[in-house]
Amino acid sequence: MCKKTFPRIIALLFLLPLIFSCGDMDYILSTGQTYKINGRVDGLTLDECGIVADFSGIIPYFDCNILGDPDVKGLTVLIKNNQGKEIGFRLKYALPEKPTPAETGATNDAEGGENGETPINDDGANESEQTGTQKKPEKQVTASPSPQGTASASPKVSQSESPTEKPAAEGTGSDTENDGAPSVPDTAKEQIDEIIINVKKLSEDLPEFSFPKGNPTGLYTLIFQVNGNNGEVLSSTEKPVFFIADKQLRIEDLRDYLPGISENVHVVPPETKIILEATVLSSGEFEPYIIWYNGKKIIGEGPVSNGFSRFMWQTPKQVGFQSIRAEIFPFDPNKQGFGVRGISRNLSLPVSLKHGRTGYFDGISKTLGNWYQLWGDVHDTFDTSLKEKDLVHNNETINWLPYLGTYGLQISTTNTYKLPDKLFTKIKFNEGSGQVLFRFIPTGNGALLYSTLQCEENSWDIILSLEGNEISLGASGENQIIPDTITLPLIYDKNGFVTAALDFQFFDDSNVIALSLENEGDFDKWYSIQLDGEVTGNGSVSFGNAGDDNAVTKNIAIVTETAFRYVDVSPVKLQKEAEEAGIDDPLALNPVNENENYL
């Protein structure tokens, strides 16, 4: 026991004189480190977002542990423009100076004898009153220097902090400060005000300050200088920022749009194309550029003016939460060499096999010959590999539009989609029939669907058009002066969609087209137009008017799903027979056959 204790006693005896001779331990524990400083704006660090406005509150903080470090006495913040000229102000956060032992003794002598009484002068007033140094209660203050009306700052200070403002001494300082800190031209310093804020601690967030107003938008550099005794610079940290002044640049909203329908709208299927959309608000002088991320991987980027604020992306195969981030810049950061992080907004997407998403016509899929679910492509769902079954677009780029949490094909005067040509070939003896089903959202007025039929004595143009809150079916032939027209009010479901069916029936001597709008899940009413002449060739059906290629683009509708099916008996005949028999459900007489695919 004695052998173990004796060395410890010797070591303690050696250290005691050193400890007592040095006084406060803080004066002998020097870190000698390079200090990391950062700023925080709206809860984000300058490394996460370097775009600031004149109303932004910038909070400087030490990004390292300085607790108990005796070398750190203060922090200075200064700002330089992209020409390297210092602007606005110098802001100094300073710890209160500790009195020396000599000053402490002098203070004690001035304060009085053993009882600590204040000495009284011959005139009866105490010394502090005579010199005007009595202590007053501290109040919350705001320092807002405006040198020559060119800049202002608004540090927000608590009651324990005391700012003072004084102009920096002309010609003070050297061109090169300690540790390679940036030099400040004397000509710039002549216009710079110095704000000193006394704080109790530097190890916590410091009072915020605002970027000096009156400066043009552009790139600037925030310089944070760690000060030691006598104001020497121990370390310097530079953070580039882009100042937007009072201009607008932000992501107002970020959301996703999924195909199909589902009761659980928050769950996304794996390997499914969805639309991501950022609502970007920007002042006219900027040319916003957006970068899309999935985690740390860039999945898309480009100018907002070129449509990149809306982006189609396929979810990964693996399940779990996927992090999507949109980041915007005032200009293309790749060309400008910003080195500044933009304004971001995040979205978390739960990807799961238990998504429950289906197509709207999933319940009748066994009766369909062609089915276009439009989940980010124009393939036939039954056979995605056969291109001859695809919808044929008249342009190279397929335009998808989001709406009400989902998305679909944009139908316009210049965006048309043609169904396969074989739809109207006679298939049984001298009769043929078919129905085009589609679900859509009206967005304007014009031709929603256009069809042609070549008959023995006449060529027919069939147009289904939207006008206000109505839908019209019209048929005009070469030998017919006045076209036949049916107009119906649109019937919306609870989600704001309209589902319609256009039925074609071909006979030896005549043809019938009929329109029905789904009402509470059923096509219970059909409205028909008679077309004379036997069909002699294949017909065609297109969404949008294919003959109007030169028109100015005008949005008409968004089609979210469409399908084609053959039926054995005309629903118009069934409806007539049902009315004669007093039956409410015409399909009860002859239901649609299942498991038939004629193409």
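Student: In this predicted model, which residue in E6 is the bridge partner of Lys 80?

Tutor: Strand E5, residues 74-81, and strand E6 pair in the antiparallel sense over six bridges. The two strands form a hairpin with four residues between them, and Gly 84 in the turn has a positive phi of about 85°. Within this pairing, the bridge partner of Lys 80 in E6 is Glu 86.

Student: How many of the nine residues of strand E6 are buried?

Tutor: A residue counts as buried when its relative accessible area is under 20%. Strand E6, residues 86-94, is mostly covered, and the number of its nine residues that are buried is eight.

Student: Which residue in E15 stands opposite Ile 290?

Tutor: E14 and E15 pair in the antiparallel sense over six bridges. Across this pairing, the residue in E15 that stands opposite Ile 290 is Gly 302.

Student: Why is the ring pair of Phe 242 and Phe 331 called edge-to-face?

Tutor: The structure holds 14 aromatic pairs, and in the pair of Phe 242 and Phe 331 the ring centres are 6.4 Å apart. Planes that are over 60 degrees apart count as edge-to-face. The name therefore follows from the angle between the planes of Phe 242 and Phe 331, which is 70°.

Student: How many residues apart in sequence are the parts that this pair of Phe 242 and Phe 331 ties together?

Tutor: Phe 242 lies in strand E11, residues 233-243, whereas Phe 331 lies in the loop between strand E17 (320-329) and helix H5 (333-336). Phe 242 counts as buried at 5% relative accessibility, while Phe 331 is partly exposed at 23%. The separation in sequence of the parts tied together is 89 residues.

Student: What kind of pair do the rings of Trp 371 and Phe 382 make?

Tutor: Trp 371 counts as buried at 5% relative accessibility, and Phe 382 counts as partly exposed at 36%. Their ring centres are 5.9 Å apart and their planes stand at 50°, so the pair is tilted.

Student: Which element of the protein chain has the lowest mean pLDDT?

Tutor: The protein chain averages a pLDDT of 76, and 67% of the residues score at least 70. The pLDDT stays under 50 over residues 157-162, and over residues 165-190 it is below 50 as well. Where pLDDT is low, the predicted coordinates should not be read in detail. Among the elements, strand E14 (residues 289-294) has the highest mean, 97, and the lowest, 36, belongs to helix H3.

Student: What share of the residues in the protein chain is buried?

Tutor: The protein chain has six helices and 33 strands, and its accessible surface comes to about 31,400 Å². Of its 599 residues, the buried share is 45%.

Conventions:
Residues numbered from 1 in each chain as written. Predicted model: local features only at pLDDT ≥ 70, side-chain atom pairs only at ≥ 80, totals over all residues. Heavy atoms only, no water. pLDDT = per-residue confidence, 0-100. Contact = heavy atoms within 4.5 Å. Pairing = 2+ DSSP bridges. Buried < 20%, exposed > 50% of the residue type's maximum accessible area, 1.4 Å probe, protein only. Areas by Shrake-Rupley, 256 points an atom, 1.4 Å probe, with all protein chains shown as cover. Phe/Tyr/Trp six-rings, centres within 6.5 Å; stacked < 30°, edge-to-face > 60°.
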